[in-house]
Amino acid sequence: MTDRITIVQKEGITLVVSGPSGVGKNSVINALRERYNDIRHSVSVTTRSPREAEIDGVHYYFRTKAEFEEMIAEGEILEYDIYCDEYYGTPRSPLERMRREGINVLLDLTVKGALSLKESYPNAVLLFLIPPSGAALEERLLNRATESEEIIQSRMNESWEEMNSAFEFDYLVVNDDLLQAVQDIEAIYWAEKHRASRLFIDGMQ
Ligand code: 5GP
């Protein structure tokens, strides 16, 4: 007998990393991308201006508000949210194609965006990053922000508001030590790769 039995994914896994603003999503996502080459990135559409070294079509698709609203009207946006007065959204067809082709995709979404994506794809895996403390969250927001005290305070309130959605997610991961958070997510990813409902058995008579 030389026939080998293998387990094959029916479709690509959609892994969403989210959490309140200031929780340190970016560093976790960058670390995950460095470690995994079997996981693709979904390029979002945004109306914010490109930062230095950001390339259209690589980091984001940079579009005007009118263009973004046209995409929504045409049903080309799977989910979207408004963050700091700018639109951010996931283009529908590339993600659908990657899922069909069995490609696993990592998305970095706002809390609202993650929950709305789950409505379209109930088997998407939603991870919620938890800050180690309120002080750590505030410090990150302060370090990042160039805005007034008032805006920082309103961001802080928004972040706490977002924490209320934590239990609508599938997994909670504390982002205190970066390496630990990345290892926790890896364990979740590996387990999801073996979830029976995602697989079929090839080579069985
Ligand atoms: P930034 O401007 O720093 O690149 O991203 C700002 C926020 O937008 C981050 O919290 C990020 O998670 C979120 N974001 C990026 N792309 C998308 C998207 O396609 N949909 C949603 N809902 N949020 C996104």
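An oxygen atom of the ligand lies 3.0 Å from an N or O atom in the side chain of arginine 51. The protein buries 89% of the 510 Å² that the ligand exposes when taken alone. These areas come from the Shrake-Rupley method with a 1.4 Å probe; for residues, only the protein chains shown count as cover. The model is predicted: local features need pLDDT of at least 70, side-chain atom pairs count only at pLDDT 80 or more, and totals for chains, interfaces and linings use all residues. Residues are numbered from 1 along each chain as its sequence is written, and side-chain values use heavy atoms, with hydrogens and water left out.

In glutamate 79, a polar side-chain atom is 2.7 Å from a ligand nitrogen atom. In tyrosine 88, a polar side-chain atom is 2.5 Å from a ligand oxygen atom. The ligand sits in the largest pocket. A pocket is defined on a 1 Å grid over the protein atoms alone, as an open set of points where a 1.4 Å probe fits, with protein on both sides within 12 Å along at least five of seven lines. A molecule sits in a pocket if more than half of its atoms lie within 2 Å of the pocket's grid points. Helices (H or I, at least four residues) and strands (E, at least two) are DSSP runs, numbered from the N terminus.

The loop between β6 and β7 contains cysteine 84. Phi of cysteine 84 is near 50°, a positive value in a residue other than glycine. Aspartate 85 is found in the loop between β6 and β7. Its phi is near 65°, again positive in a residue other than glycine. Most residues other than glycine have a negative phi. Cysteine 84 counts as partly exposed because its relative accessibility is 39%. Aspartate 85 counts as exposed because its value is 62%. The cut-offs are under 20% relative accessible area for buried and over 50% for exposed, with partly exposed in between (1.4 Å probe, protein chains only).

Helix α7 (residues 178-193) contains glutamate 186. At 13% relative accessibility, glutamate 186 counts as buried. The side chain of glutamate 186 makes a polar contact with the side chain of arginine 35, at 2.5 Å. A polar contact is a pair of N or O atoms within 3.5 Å; within protein, one must be able to donate a hydrogen and the other to accept it, and residues adjacent in sequence count only if both atoms are side-chain atoms. Tyrosine 189 also lies in helix α7. Its relative accessible area is 2%, so tyrosine 189 is buried. Tyrosine 189 and isoleucine 13 are 176 residues apart along the chain, and their C-alpha atoms are separated by 8.9 Å.

Strand β2 (residues 14-18) includes serine 18. Serine 18 is buried, with a relative accessible area of 0%. Its side chain reaches the backbone oxygen of threonine 110 at 3.4 Å. Valine 16 is found in strand β2 too. Valine 16 counts as buried, at 0% relative accessibility.

Aspartate 202 is in strand β11 (residues 199-202). Its relative accessibility is 40%, so aspartate 202 counts as partly exposed. The C-alpha atoms of aspartate 202 and valine 8 are separated by 6.8 Å, although the two residues are 194 residues apart along the chain. Arginine 33 is found in helix α1 (residues 25-35). At 30% relative accessibility, arginine 33 counts as partly exposed. Arginine 33 and phenylalanine 62 are 29 residues apart in sequence and 22 Å apart in space, C-alpha to C-alpha.

Methods: 1 Å grid on protein atoms, 1.4 Å probe; cavity = no way out; pocket = protein on both sides within 12 Å on 5 of 7 lines; lining within 4 Å.
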